[in-house]
Amino acid sequence: AASGPHSYSTLRDEAVKLFNSLQQLESEQDPVPLMQGVLQTCLDLPPLVDEIYCQLVKQTTEPPAPGGQGDLHYWQLLTCMSCTFLPSPPVLRFLHFHLDRRSRFPASEMAKYASFIREALGKTKGRECVPSLEEILVLMRRQEMICTVHCPGAPACSVAISSHTTAEEVAQELVSRLGLSQSPNLFALYEQSRRREQPVGNTTLLADVLTRFE
């Protein structure tokens, strides 16, 4: 059992609850909070990550209504998982085999998700936070988020970021955009809230910072 902000029972019981959540996902009109709940449980209980990946592969292998709402919800959760967690090597091989089979039908929506997931798995290293509700919404559409950065002495800048974009990459983009590439100064991003202001580490994922704001 675990304690803290999220209290859990045994792994077996939590696995059953997650399986029930996946069943509910099929008919859920607003799947985003349910998806975030599944992701949070996996973040808090890492042994369940492989279990959810395997369940999602099973659910998307021969769905009763290919391309229907339930099928798409499973693909969308699989997309969110791929941007948050890496499965163990055996499950990763199993998952790639599953994605490769979907690629045989490149025009289908599922094949587009499969391609997005395969690319994400090559970049995912692990997250401090699960995706925010906004991030889940854009991942469901296979799009990028827009992050607004306020720069001293310059207008606020909007930068498109993915689940894998680091603070250093955004800082370099802004330096280039503001014509400061030749400046001898060092530049960094700061995270500011009502209570504190602190520098964001170069390797920190901007998506994690946005989740903290949420």
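This is a predicted model: local features need pLDDT of at least 70, side-chain atom pairs count only at pLDDT 80 or more; totals for chains, interfaces and linings use all residues.
As a general point, an α-helix has 3.6 residues a turn, so residues three or four places apart point the same way. As for solvent, Arg177 is partly exposed at 42% relative accessibility, and Glu173 is also partly exposed, with a relative accessible area of 36%.

How many salt bridges are there by this rule? The count is nine. I will go through some of them. Glu119 and Lys123 are joined through their side chains, at 3.3 Å from N to O. Lys123 in that pair is partly exposed, its relative accessible area being 42%.

Next, Arg212 and Glu191. Their side chains meet in a salt bridge at 3.0 Å, N to O. Arg212 sits in helix α9 and Glu191 in strand β3, so this pair ties together parts that are 21 residues apart in sequence. Are the two partners buried or exposed? Arg212 counts as partly exposed, at 34% relative accessibility. Glu191 is buried, with a relative accessible area of 7%.

The domain assignment gives domain 1 as residues 11-140 and domain 2 as residues 145-213. Their C-alpha centres lie 29 Å apart. What does the contact between them look like in numbers? On the domain 1 side 15 residues take part, in contact with nine residues of domain 2. Between them the two domains bury about 980 Å², and 55% of that is on carbon and sulfur atoms.

Two salt bridges are counted between domain 1 and domain 2. Looking at charged residues around Asp208, we find a salt bridge between the side chains of Arg127 and Asp208, at 2.8 Å from N to O. Arg127 and Asp208 are also part of a network of salt bridges that includes Glu135.

Asp208 takes us back to helix α9, where it is one of the buried residues. Why do I call this helix largely enclosed by the rest of the structure? Because six of the eight residues of α9, which spans residues 206-213, are buried. These are Leu206, Ala207, Asp208, Val209, Leu210 and Thr211. What do they pack against? The partners are α7 (133-140), β1 (145-149), β2 (157-161), α8 and β3. Strand β3 also holds Glu191, the partner of Arg212 in α9.

Last, the surface. Which residues make the nonpolar patch? Leu178, Leu180 and Phe187 do, and the patch covers about 220 Å². Leu180 is in the loop between α8 (167-177) and β3 (190-192). With a relative accessible area of 30%, Leu180 counts as partly exposed.

Arg127, Glu135 and Asp208 form a network of salt bridges, and Asp208 is among the buried residues of α9. That is what I have for today.

How values were computed:
Residues are numbered from 1 along each chain as its sequence is written. Side-chain values use heavy atoms; hydrogens and water are left out. Patches are made of residues with over 30% relative accessible area and no salt bridge: like charges are joined within 9 Å, nonpolar side chains (Val, Leu, Ile, Met, Phe, Trp, Tyr) within 5 Å. Accessible areas come from the Shrake-Rupley method with a 1.4 Å probe; for residues, only the protein chains shown count as cover. A salt bridge is a side-chain nitrogen of Lys or Arg within 4 Å of a carboxyl oxygen of Asp or Glu. Helices (H or I, at least four residues) and strands (E, at least two) are DSSP runs, numbered from the N terminus. Buried means under 20% relative accessible area, exposed over 50%, partly exposed in between (1.4 Å probe, protein chains only). Domain bounds come from an automatic or database domain assignment. Contact means heavy atoms within 4.5 Å. Buried area is the accessible area (1.4 Å probe) that two parts lose on being put together, summed over both.
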